[in-house]
Amino acid sequence: MKEGIKMFKNFVKEVAAYAKAGAPHVTPHQYKKRINACMECPHLRKEVDRCGLCGCLVEHKAKWATSSCPDKEVVRWEPVKIGEAGKQVKLKKDDKDNNTETSDEVQPPAE
Ligand code: SF4
C-alpha cells in the first residue's frame with residue numbers, strides 16, 4: 001500500500017510540474033527515444049504500460065517535456081530544456097489531438 005501512495009505522489013508531482021510549465025511536449029524524435037528506452041527498461045510493467053518506479057503511464061510521461069526517468073542508478077532519459085533564456089514553450093495551435101508536436105523552442109537534452 002505504501003508503494004501505491006508513493007507512486008501516486010510521484011504522479012501528482014509530475015503532473016504539477018508539467019502543468020506549471022505550460023504543458024510542454026517533447027518533439028516526436030525525443031518522444032520516440034524516450035519511449036524506446038522505456039520499452040527496453042526492466043522497470044516497465046508491461047501488462048499496464050506503467051513505470052514500475054514512479055507508477056506513471058509511460059506513453060504520457062515520455063511526452064511531457066518536464067518529466068524525467070526516476071531510475072537513479074541508470075538515468076535513461078532526462079527532462080528537456082525548455083526554451084532559451086527562460087522563454088516558455090508555445091504549442092502549435094493545431095495541437096488538438098494532444099500529439100507530440102511542439103514549437104522549435106523546445107531544446108534537446110544536453111548529451
Ligand atoms: S521512466 Fe525510466 S524507469 Fe520508468 S520505465 Fe521508463 S525508462 Fe524505465
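1. Met39 counts as exposed, because it has 12 C-beta neighbours inside 10 Å. The cut-offs: a residue is buried if 20 or more other C-beta atoms lie within 10 Å of its own, exposed if 12 or fewer, and partly exposed in between, with C-beta atoms placed from the backbone. Met39 sits in helix α2. Met39 and Cys51 are 12 residues apart in sequence, and their C-alpha atoms are 9.8 Å apart in space.

2. A word on the source. This is a predicted model: local features need pLDDT of at least 70, side-chain atom pairs count only at pLDDT 80 or more, and totals for chains, interfaces and linings use all residues. Residues are numbered from 1 along each chain as its sequence is written.

3. Next, the overall layout. The chain has three helices and two strands. From the N terminus on, their order is α-α-β-β-α. Helices (H or I, at least four residues) and strands (E, at least two) are DSSP runs, numbered from the N terminus. Of the 111 residues of the chain, 24% count as buried. Among contacts with a separation of 6 or more, 57% come from residues 24 or more positions apart. Two residues are in contact if their C-beta atoms, placed from the backbone, lie within 7 Å.

4. What span should α2 have, and what does it have? At 1.5 Å a residue, its 12 residues should span 16 Å, and its end C-alpha atoms are 16 Å apart, which agrees. The expected span is 1.5 Å times one less than the number of residues.

5. Which residues of α2 are buried? They are Gln30, Tyr31, Arg34 and Cys38. Seen down the axis of α2, these buried residues fall within an arc of 100°, so they line one face of the helix. The arc is that of the directions from the helix axis to the C-beta atoms. An α-helix has 3.6 residues a turn, so residues three or four places apart point the same way. On the other side of α2, His29 and Met39 are exposed. The cover over the buried residues of α2 includes β1, β2 and α3.

6. Now the ligand. Its shell holds 13 residues, and the closest are Cys38, Cys41, Cys51, Cys69 and Arg76. Helices α2 (28–39) and α3 (58–61) each supply at least two residues of the shell. The shell divides into nine nonpolar residues, one polar and three charged. Here Ala, Val, Leu, Ile, Met, Phe, Trp, Tyr, Cys and Pro count as nonpolar, Asp, Glu, Lys and Arg as charged, and the others, Gly among them, as polar.

7. The largest nonpolar core has 11 residues, including Tyr31, Cys38, Cys51, Cys56 and Trp64. Such a core is a set of buried Ala, Val, Leu, Ile, Met, Phe, Trp, Tyr and Cys residues joined through C-beta atoms within 7 Å. Leaving out residues up to four places away in sequence, Cys56 touches Phe11, Glu14, Arg50, Cys51 and Lys61.

8. Two loops deserve a look. Ala23 lies between α1 (2–20) and α2. Ala23 has a positive phi of about 60° although it is not a glycine. Most residues other than glycine have a negative phi. Asp49, in the loop between β1 (44–45) and β2 (50–51), also has a positive phi, of about 55°. Asp49 is partly exposed, because 15 other C-beta atoms lie within 10 Å.

Conventions
Near = placed C-beta within 6 Å.
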